[in-house]
Amino acid sequence: MPEPRPQGHLLIGPPGSGKSTLTAILAPLLPARVISNDALREQLWGDPKVQGPWSELEPHLHGAIDSAVAHGDNVLVDATHAQLNWRQRLMHRSQGAGHIQWTGWWLQTPLDQCLVWNRSRQRSVPESVIHAMHCRLSSPPDRPELSEGFTSLIRLNPAGSHLNEEISRAIQAIHHRSP
């Protein structure tokens with residue numbers, strides 16, 4: 001029986017939507033190695049708030065994914081992925097290093113809840129950035145679509161009352177489709 005191929009999981013959502021909280025829940029359930037742009041920023045520039053040049057961060061992100069896949073690990077990428085071209089560059093680049101089936105986890109947290117959660121975070125993001133990313137993710141061309149190359153696109157509202165049930169159903173579906 002062949003070894004199952006590593007799977008990729010891409011979180012998609014504006015700042016304050018609950019991505020890092022969801023990461024902590026999903027990582028042991030998938031199981032997956034977490035790759036966080038914030039953690040990479042801290043490694044590179046000593047502070048996760050530093051929005052250094054993407055051209056310096058991107059190779060580290062891709063290298064971390066390639067390393068995890070080479071070890072046979074699933075990956076869970078914790079970042080906003082609020083633009084179609086960001087998602088496609090990551091998915092197509094990593095597929096070149098070894099085909100990864102990508103699941104998109106689209107956090108559809110209402111804007112007002114993102115703003116509330118952002119205000120309570122230790123490291124808040126300017127509200128204009130949250131507004132812009134929330135808007136971008138709500139309409140073409142940047143609204144996530146299955147046709148981008150995802151094996152599945154899971155829509156979750158972390159502020160909803162049925163989050164645990166939604167996660168359980170999604171995890172069951174993922175494990176069911178695994179080779």
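Me: Two strands pair if DSSP finds at least two bridges between them; how many bridges join β2 to β3?
Reply: Four bridges connect β2 and β3, and the two run parallel. In this predicted model, local features need pLDDT of at least 70 and side-chain atom pairs pLDDT 80 or more, while totals for chains, interfaces and linings use all residues. Residues are numbered from 1 along each chain as its sequence is written, and side-chain values use heavy atoms, without hydrogens and water.

Me: Which residue in β3 is the bridge partner of Ile-35?
Reply: Ile-35 has Val-77 of β3 as its bridge partner.

Me: And what is the strand order of the open sheet?
Reply: Its five strands (DSSP E runs of at least two residues) follow the order β2-β3-β1-β4-β5, with parallel pairing. At the edges are β2 (33-36) and β5, each pairing on one side only.

Me: Turning to packing, which residues have the most contacts inside the largest nonpolar core?
Reply: They are Leu-10, Leu-61, Ile-65, Val-77, Leu-90, Trp-102 and Phe-150, in a core of 21 residues. Such a core joins buried Ala, Val, Leu, Ile, Met, Phe, Trp, Tyr and Cys through side-chain atoms within 4.5 Å.

Me: Which element supplies the largest share of this core?
Reply: That is α3, with five residues. Elements supplying at least two residues each include β1 (7-12), α4 (84-96) and β5 (150-156). Apart from this core lies another, of 16 residues, among them Leu-30, Trp-105, Leu-163 and Ile-167.

Me: Is Ala-24 buried or exposed, and why?
Reply: Ala-24 counts as exposed because its relative accessibility is 56%; exposed means over 50% and buried under 20% (1.4 Å probe, protein chains only). Ala-24 belongs to helix α1, residues 19-29 (helices are DSSP H or I runs of at least four residues).

Definitions and conventions
Two strands pair if DSSP finds at least two bridges between them.
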